[in-house]
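Here are my notes on this model, point by point. Please read them with the structure open.

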Amino acid sequence: MTEKEQHPPETPESAGPTVALARGLSTKLLLLTVIFVLLAETFIFLPSVASYRISWLRDRLATAAAVSIVLVQGDPGALSREAQDEVLMAIGAKAIAVTDGGVSRLLVVADMPPQVDKHIDMANVGMFGEITGALDTLLYGGGRMLRVYGPAGEDGREFELIMSDKGLRAAMLTYARNVAFLSLLISVFAAMLVYAAMDRVMVRPMRRLTRSMLAFSQAPEDPTRIISPIERADEIGFAERELSRMQERLQKMLAERRHLADLGLAVSKINHDMRNMLASAQLISDRLAMSKDPTVQSFAPRLLRALDRAVSYSEGVLAYGRTQEAPPARRLVRLNPLVEDLRDIAGADSTIDFVNAVPPEFEIDADPDQLFRVLTNLTRNAVQAMLAEPDKVTVRRFTVSAERQGSVCRIVVSDTGPGLPARARENLFSAFRGAARQGGTGLGLAIAQELVRAHGGTLELVASDSGNTTFAVTIADRPLPFGRASDGLRQHG
């Protein structure tokens, strides 16, 4: 089955809610890429503009040096005022001078400015000085006079010129505009490339995951809504495979829950009618027990026990089908008499020895009715397991003991039965799956665990092997309110 066959095209009704384009991952990715590339370009922009400023000044200084060499070899005074102005205008300077052997000569001069605002030594300009100078010219330049000086060859002479920074600033602004425009083009182009790659590698698979989750949530029972993972070794492939496994497990779980719900409804209806029929059968069996016929007398007890087991089974199924157990009404209870009431269940067969090893003064903070239900379920399971063994010479003993450690009570229930099978241990407290015998439902332990958890306690299987099966119920006392605890301390004090 191809991916298109497994995931049919979605209609607007089945596509589910969508994310607006302005808030989607694609738009955010594109904008973030543009912003980050522009931020990276700023680290190139300032050094580039500063380098352009220094190059522009070096070019002017080199031109002034060439003119100065010609004038030095000739006669500077022979130049007319018009010629000097043309030379200075070509360079963009007000005056040109040369220093040779410590002697400075003014070669060409136009209108000498009254003052020089900034001196620039071309021989000693570092990177930091270049950047600060470029920013100073861009922000505050345009009306200041500069004195630019430095060597322009290898003959040791130093040249200098006086000039306005107006032309320099205009050239720098043009260069900065071109660099900024080029940087923007580079950032947009890089963003488009990154966007195309990330959209194909990440955004599209994420959209596919989102669509699959939305489609599955609309019809989780439809197996065609399970995503078909793509063979990828990265995190997206791992997420798709895990999502596919999770959807499969969830679909199976929902199917099991649906079947259990249908089964529970059917069982509830059957049990309702069965209890009425069993009630009538119990009335008839009570009358049969009053008969003096020896044959009837021998079969009547077995019939009564069978009916009792059927009634208990029916009540257990109905109890498990309740939506929620009532919260426990906890109070201090003497455990020994409560365990003694189990003798009718455990000692119903004369071959079973019932041992009540709970100290007479032992007390536990619990709901007596719910605790009795817990012990009743454990007792019935143990009795059924021991009676299932055909060997009459084996010891059949059921023992209940208890101990207290501080504020924690621990009730231990053990029997000498054959032990729980492996399947029952794996699904110990799962209804309909943790049955220890054929035809059982596993409801007893499931109900017992639910009641113990309502007390904030635990029900655990301590041991289960041939001749020894032990369960332990652990319930802690409720903490006393602060006022009552203070009163108790004062009384003891």
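1. A definition comes first. Two strands pair if DSSP finds at least two bridges between them. In that sense Gln405 stands opposite Val408 in β10. Keep in mind that the model is predicted.

2. Start with the hairpin around that bridge. β9 and β10 form this hairpin, and 2 residues lie between them. Gly406 sits in the turn, with a positive phi of about 70°. The two strands run antiparallel and are joined by 8 bridges.

3. What is its strand order? The order is β7-β9-β10-β12-β11, in an open sheet of 5 strands. The pairing is mixed. β7 (353–356) and β11 (458–465) are the edge strands, and each pairs on one side only. From one strand to the next, the twist averages 15°.

4. Both senses of pairing can be inspected in this sheet. β7 and β9 (residues 397–405) pair in the parallel sense, over 4 bridges. Within β9, Thr399 is the residue opposite Val355. β10 (residues 408–415) and β12 (residues 468–476) are an antiparallel pair, over 8 bridges. Here Val412 has Ala472 in β12 as its bridge partner.

5. There is another open sheet of 5 strands, ordered β2-β1-β5-β4-β3. Its pairing is mixed too.

6. β1 (residues 93–100) and β5 (residues 158–164) pair in the antiparallel sense over 6 bridges. Ala97 stands opposite Glu160 in β5. β1 and β2 are also antiparallel, over 6 bridges. On that side, Ile96 faces Val108 in β2 as its opposite residue.

7. β1 and β2 form a hairpin with 2 residues between the strands. Gly101 takes a positive phi near 65° there. Compare this with Gly406 in the turn between β9 and β10, where phi is about 70° and positive.

8. Next, a helix pair. α10 (residues 368–387) and α12 (residues 443–454) pack with their axes 9 Å apart. The angle is about 150°. Why call them roughly antiparallel? Angles over 145 degrees count as roughly antiparallel, and α10 and α12 therefore qualify. Their crossing is left-handed.

9. Charged pairs come next. How many salt bridges are counted? The count is 13. One to inspect joins the side chains of Arg144 and Asp165, at 3.6 Å from N to O. This pair links distant parts of the chain, 21 residues apart. Arg144 lies in the loop between α4 (127–140) and β4 (145–151). Asp165 lies in the loop between β5 and α5.

10. Last, the surface. Leu30, Leu38, Leu184, Val188 and Met192 form a nonpolar patch there. Together they have about 380 Å² of accessible area. α2 (25–73) and α5 (166–218) are the elements that give two or more residues to the patch. Which of them gives the most? α5 does, with 3 residues. Met192 is placed in helix α5.

Notes
Residues are numbered from 1 along each chain as its sequence is written. This is a predicted model: local features need pLDDT of at least 70, side-chain atom pairs count only at pLDDT 80 or more; totals for chains, interfaces and linings use all residues. Side-chain values use heavy atoms; hydrogens and water are left out. Patches are made of residues with over 30% relative accessible area and no salt bridge: like charges are joined within 9 Å, nonpolar side chains (Val, Leu, Ile, Met, Phe, Trp, Tyr) within 5 Å. Accessible areas come from the Shrake-Rupley method with a 1.4 Å probe; for residues, only the protein chains shown count as cover. A salt bridge is a side-chain nitrogen of Lys or Arg within 4 Å of a carboxyl oxygen of Asp or Glu. Axes are lines fitted to C-alpha atoms, for helices over the stretch in contact, and angles run from 0 to 180 degrees between N-to-C directions. Angles under 35 degrees count as roughly parallel, over 145 as roughly antiparallel, 65 to 115 as roughly perpendicular and the rest as oblique. A crossing is left-handed if the near helix is turned anticlockwise from the far one by less than a right angle, and right-handed if clockwise.
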